[in-house]
Amino acid sequence: MTRTRYALVGAGHRAQMYVDAITGTHADRAELVAICEPNPVRAEHYRDQLVERGVPAPTLWSPDDLEQMIRDSRAERVIITARDDLHASLIVRSLDAGADVVVEKPLTIDAPSAAAIEDAVERTGRSVVLTFNYRYSPRNSALRQVIQDGRIGRVTSIDFSWMLDTKHGADYFRRWHREKEHSGGLLVHKASHHFDLVNWWIRDEPRRVFASGGLRFYGAENARARDLGERPQRGTHDGRHDPFELDLRDDERLRALYLEAESHDGYLRDRDVFGEGITIEDNLALVVDYAGGATMSYSLNAHAPWEGYRVAVNGTEGRAELEVVERGAVLEDEGLHPVLDPSAVDSAGPASLRPQGERLIVQRHWEDAVEIPIEAGEGGHGGGDELLLADVFVGPGDDPLARPAGWADGVRSIAVGIAGNLSLASGLPVHTSELRIRLLDGRR
């Protein structure tokens with residue numbers, strides 16, 4: 001079997017999933033021939049890992065030489081796991097250089113760059129695949145099936161609440177995500193997952209967004225208001241630590257990828273969540289109207305004591321409710337380094353009044369509620385990551401739930417967050433047609 005030649009652009013933490021897939025389950029179909037990363041320590045980390053696994057060493061490249069890398073390495077597909085604000089340029093350049101693209105969410109962070117991707121796809125005719133792994137999580141697939149089967153009738157409204165706890169949520173305020181110019185804020189970087197789920201669940205497109213929110217817990221101003229006192233500028237230091245600090249010396253991968261790479265680019269992975277310079281929000285609320293007539297109320301909290309989400313979908317014939325607890329509590333004495341994203345691993349938390357678990361309930365009008373079984377697999381996101389990677393590396397088959405996502409799905413997901421950011425700035429509702437992306441204004 002001829003193997004597809006891949007290049008990896010961006011060698012941070014997220015790249016590991018793809019390296020493992022290419023050298024493991026999908027080694028018979030894929031080979032990693034090049035790594036494009038400005039920081040030599042991170043690039044060499046993954047190159048050495050590949051060599052240790054008996055794989056030929058990929059060539060290493062700077063982002064300035066992306067086109068030459070694609071040409072010289074004969075890369076057929078480029079996997080982009082770089083910083084969010086760099087996605088659009090890297091996607092467009094890769095397409096124009098003759099490669100298809102696989103990109104982590106979000107597609108990009110603003111409307112002009114989304115339009116540029118749209119133009120490049122139309123100009124080149126090449127493929128852009130979005131890796132929306134949440135679609136593949138069995139619980140989310142189960143809700144899609146319920147709605148698709150018509151068990152609650154035509155959807156009229158959605159109530160969606162997402163809680164990020166003081167481990168996972170806090171981590172967005174330590175790294176580059178805390179700067180909206182780089183991430184688009186949590187409305188784009190994180191919530192694009194959530195908005196894609198809703199678009200996919202109800203098979204509809206967002207049309208109008210009104211947003212409210214702010215930075216109300218993290219950041220220097222809030223620390224001063226709560227009289228938290230002087231704090232170290234970063235978590236890697238000698239002395240007593242508090243639960244909000246991350247010491248990179250305590251985690252082998254973080255040490256290798258970030259602490260030992262600092263001298264090359266100055267990037268600090270462990271900044272104080274109560275420090276200066278945070279420009280994203282930690283509390284957000286949205287009202288979103290959809291083309292088909294449904295309305296969603298959405299909220300995101302990034303400093304909750306537990307992690308999970310609740311979604312209720314109302315229809316003309318009943319209601320579906322999905323409740324997920326990914327981590328029931330963050331305890332001070334558990335140490336500084338539990339898995340930051342509890343959904344990314346297959347693990348059970350301690351027994352508590354809020355046990356880790358999930359439940360999907362459907363109640364039709366004039367009937368008792370029934371629980372819908374969720375058949376979870378092993379691994380990250382209930383086995384969803386493996387299903388996603390199979391679609392990426394083997395190719396999507398006939399999927400009745402339409403889980404594989406392309407660039408158009410990526411645009412629809414970020415449209416809510418981009419419009420939400422504009423609404424936060426203006427205090428007014430924003431129509432997605434104002435983003436001037438053809439896909440969203442009826443001209444496509």
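## Contacts around W201

Contact means heavy atoms within 4.5 Å. In this predicted model, W201 touches N140, L143, R144, I147, F160 and V311. That list leaves out residues up to four places away in sequence.

In soluble globular proteins, nonpolar side chains tend to be buried together.

## The annotated N-terminal domain

An unreviewed UniProt entry annotates residues 5–129 as "Gfo/Idh/MocA-like oxidoreductase N-terminal". Over residues 5–129, the chain is 43% helix and 20% strand. The end C-alpha atoms of that stretch are 16 Å apart.

The peptide bond joining K105 and P106 is cis, with omega about -5 degrees. P106 sits in the loop between β5 (100–103) and α5 (111–124).

R74 is not a glycine, yet its phi is positive, near 55 degrees. The loop between α3 (66–73) and β4 (77–80) holds R74. Is R74 buried or exposed? R74 counts as exposed because its relative accessibility is 54%, and the cut-off for exposed is over 50%.

A402 is another residue other than glycine with a positive phi, about 55 degrees. A402 lies in the loop between α13 (384–393) and β15 (405–406). With a relative accessible area of 38%, A402 is partly exposed.

Notes
Residues are numbered from 1 along each chain as its sequence is written. This is a predicted model: local features need pLDDT of at least 70, side-chain atom pairs count only at pLDDT 80 or more; totals for chains, interfaces and linings use all residues. Side-chain values use heavy atoms; hydrogens and water are left out. UniProt positions are given in the numbering used here, feature names are shortened, and annotations may be inferred rather than shown by experiment. Helices (H or I, at least four residues) and strands (E, at least two) are DSSP runs, numbered from the N terminus. Buried means under 20% relative accessible area, exposed over 50%, partly exposed in between (1.4 Å probe, protein chains only).
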